[in-house]
Amino acid sequence: MTCASCADTVQGALSDLEGVQEANVNLATEKARVEYSPDQTSTSDMRSAVEDSGYGVESEERPDRGMEEVEQAKWRTYVAWGASIPIIVWMVPEMIFGIAWPSRTIYDLGMTLLAIPVLFWVGRHTYRSALKAISHGSANMDVLIFLGSFIAFITGPLRLSIFPAMLNYAGVGAMIMAFHLTGRYLEARAKGKASQAIRRLMELEADTARIIEDGEEREIPVDRVEVGDIMKVRPGEKVPTDGVVKEGQSSVDESMATGESVPVRKEERDEVIGSTVNQEGALTVEATKVGKDTFLSQVIEMVEEAQGTKVPIQRFADKVTGYFVPAVLFIAATTFVLWLAIPETMNFLASALEGALFWIDLSLSPLMLAISAGIATLVIACPCALGLATPTALMVGSGKGAENGILIQRGEAIQALKDVDTVIFDKTGTMTRGQMSLTDVVPASGTPANPGGDEALRLAAAAEYNSEHPIGRAIVEGAQERGIELEEPDDFKAFGGKGVEASLGGEEIRVGNRNFLKENGVDPSLMEEELEELEKEGKTVILVARDGELAGAVAVADTLKDDTIPAIEELEELGLETAMITGDNQRTAEAIAEKVGMDRVLAEVLPDEKADEIRELQEKGERVAMVGDGINDAPALTQADVGIAIGTGTDIAIESGDVVLVRGKLSGVVSAVELSEKTFGKIKQNLWWAFGYNTTMIPLGVLGVMHPLFAEAAMAMSSVTVVSNANRLKGVDITPDTAS
């Protein structure tokens, strides 16, 4: 594919297949992403559709393909200029002094012969693409270059044979192709730089693994490692695949995954990420994920998908481009006719700009002026820059994000995130560390005296014995630390977001929040004063009842992450409103919100009600980003305009959000917003340049004041400018002040 029209043609061919719900074809990455029903169509049908539209499909992806394209483009450029430079040197005396050296016939013959290898050898790919497009009833950028250069070339043979009065533009045709191939080469180089993020990620993968079998070590290729294999990782070596530390202690450099420069301490039972670098001690690691299931493979897949999607503004640009090439062909044909039909009027309009712009020779015959203006209009109006404006910026932006631990799952998030006005944070595991610990145990007044209220704790810990909830685990671990012997309950039932119910030695135990106990006929008001005091401190209070009687309460607390407060401050400085959503009661939630400086709190919200709360805000006209820690927040993350999933290491909830923050730090939300604004800023700059260039240059071509050579050079540079501008994103700093 060579331009946006090519991508549009392929996308149309795929979209027309029965069973295809959506097809996205990306010019910059040269990939198609298709959502389809396998019982209605197949990949073979898709391949046939692409081939029938005049294009081809690579049988397999080759990492070095981009470099091969750059080298081929470079070789074609050198050959083209090898023939075009003699043409330029030879043309100078004729253009300045009107001397065709050594004779007019030899000069015309030389121009024609030198143009042949440029157009029909190194330029044959452009011609072949154009002819394929024409044969399939479509028009792409190559059609414009083909018509412009071939019409210029044909004047040479015509002058030598039947029209001796015609000017010889054959050399100009060769130079048009040379400029075109130069633009392609520079564009290929720039696109290669834009896609470096994916290539660098692929290069991070380990090549081999040292596995232990029967007490002996042996080295094998990393693609032969299986789940359950035991691997030895020495200092300085890469961890081959995702796994769990079985033996040893060390610090591991996880910067490739999280962007965090400080090494992470690893001990027994800690998870490690494949391709991270072991720095100090030797580690024995059990492989838990291999091949395409590893964290790095998932990251590569996610970045590629983000680069392959289309933001809403690109769909608009694609729609315009679909009409652009046919419109240019019509304008070029009209230009040719106007110069023949009303030469005096066109001459008058052009003479107003004579001497001010590039090149004009109004003494030429109307036919030659018509040919010159038509060729210039064809080559100057190529919409290549328009097709590259958005995908190249998206490629660089998503790559920049990946390098900083911000993974864009859906390209649309790049545009949506900059328009968000409200950011809602889940509390546990998002604003806080997600590690609850027991802080207080309070017996209910009137219950039998016991030191420190341990009876209430014993009952609560027994009821939560089989619970996997963080609060339940904190209660159990707190009881164990206090030396309380725990009994496993006879029966256990959990009520999401409310509490648990268990049977213990014939007694019925209920542990949960106020509403849960009220629903089961227990009055919590007897302890209201103590509960309020604990909640004012930002602690989560859990009530305990035995056989319908209040036995006491236990309190747990989760500490805020180090960067929670500064991240929220910086988001509000950016003009965004922040809010917290939690299942905690109003008083506890407000105490935590006060600590972090939030005015807005959505408390006592059950997990399945979070999405409804976000929907209500959206119905009021707010554009909402939801920040959550994964699977239990999935409905809310999906409902939000932008879902931002907090992930840590290999436990990342990749399917939950539009954006995933690998580091698990809230400073990543600030970075994601800044990345969105700066990437979209580049997209707008690129589209402005692309639209502005065509809008300005086409009239100059029509009026004949733009020489075809300058037209082609300007067109080539417009594409290079757009891609180079996108590459400037690499130098943008998206590290927030909160990072320190």
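E604 is partly exposed, with a relative accessible area of 43%; partly exposed covers the range between buried (under 20% relative accessible area) and exposed (over 50%), computed with a 1.4 Å probe on protein chains only. The model is predicted, so local features need pLDDT of at least 70 and side-chain atom pairs count only at pLDDT 80 or more, while totals for chains, interfaces and linings use all residues. Residues are numbered from 1 along each chain as its sequence is written, and side-chain values use heavy atoms, leaving out hydrogens and water.

- Seven strands form an open sheet with mixed pairing, in the order 12-24-23-22-13-20-21.
- Strand 12 (406-408) and strand 21 (600-602) are the edge strands, each pairing on one side only.
- From one strand to the next, the twist averages 20°.
- Helices (H or I, at least four residues) and strands (E, at least two) are DSSP runs, numbered from the N terminus, and two strands pair if DSSP finds at least two bridges between them.
- Strand 13 (residues 422-426) and strand 22 (residues 624-628) run parallel and are joined by four bridges.
- The bridge partner of I424 in strand 22 is M626.

**Helix across the sheet**

- Helix 23 (residues 610-619) lies across strand 13, strand 20 (577-581), strand 21 and strand 22.
- Helix 23 runs at about 160° to strand 22; axes are lines fitted to C-alpha atoms, for helices over the stretch in contact (heavy atoms within 4.5 Å), and angles run from 0 to 180 degrees between N-to-C directions.

**Backbone geometry in loops**

- Most residues other than glycine have a negative phi, and most peptide bonds are trans.
- E604, in the loop between strand 21 and helix 23, has a positive phi, near 55°.
- D214 also has a positive phi, near 55°, and its place is in the loop between strand 3 (208-213) and strand 4 (216-221).
- D214 is exposed, because its relative accessible area is 81%.
- The peptide bond from W101 to P102 is cis, with omega near -5°.
- P102 is in the loop between helix 3 (65-97) and helix 4 (104-122).

**A buried threonine**

- T276 is in the loop between strand 9 (271-272) and strand 10 (277-278).
- T276 counts as buried because its relative accessibility is 0%.
- The T276 side chain reaches the backbone oxygen of I273 at 2.6 Å.

Key: Polar contact = N/O pair within 3.5 Å; in protein donor to acceptor, adjacent residues only side chain to side chain.
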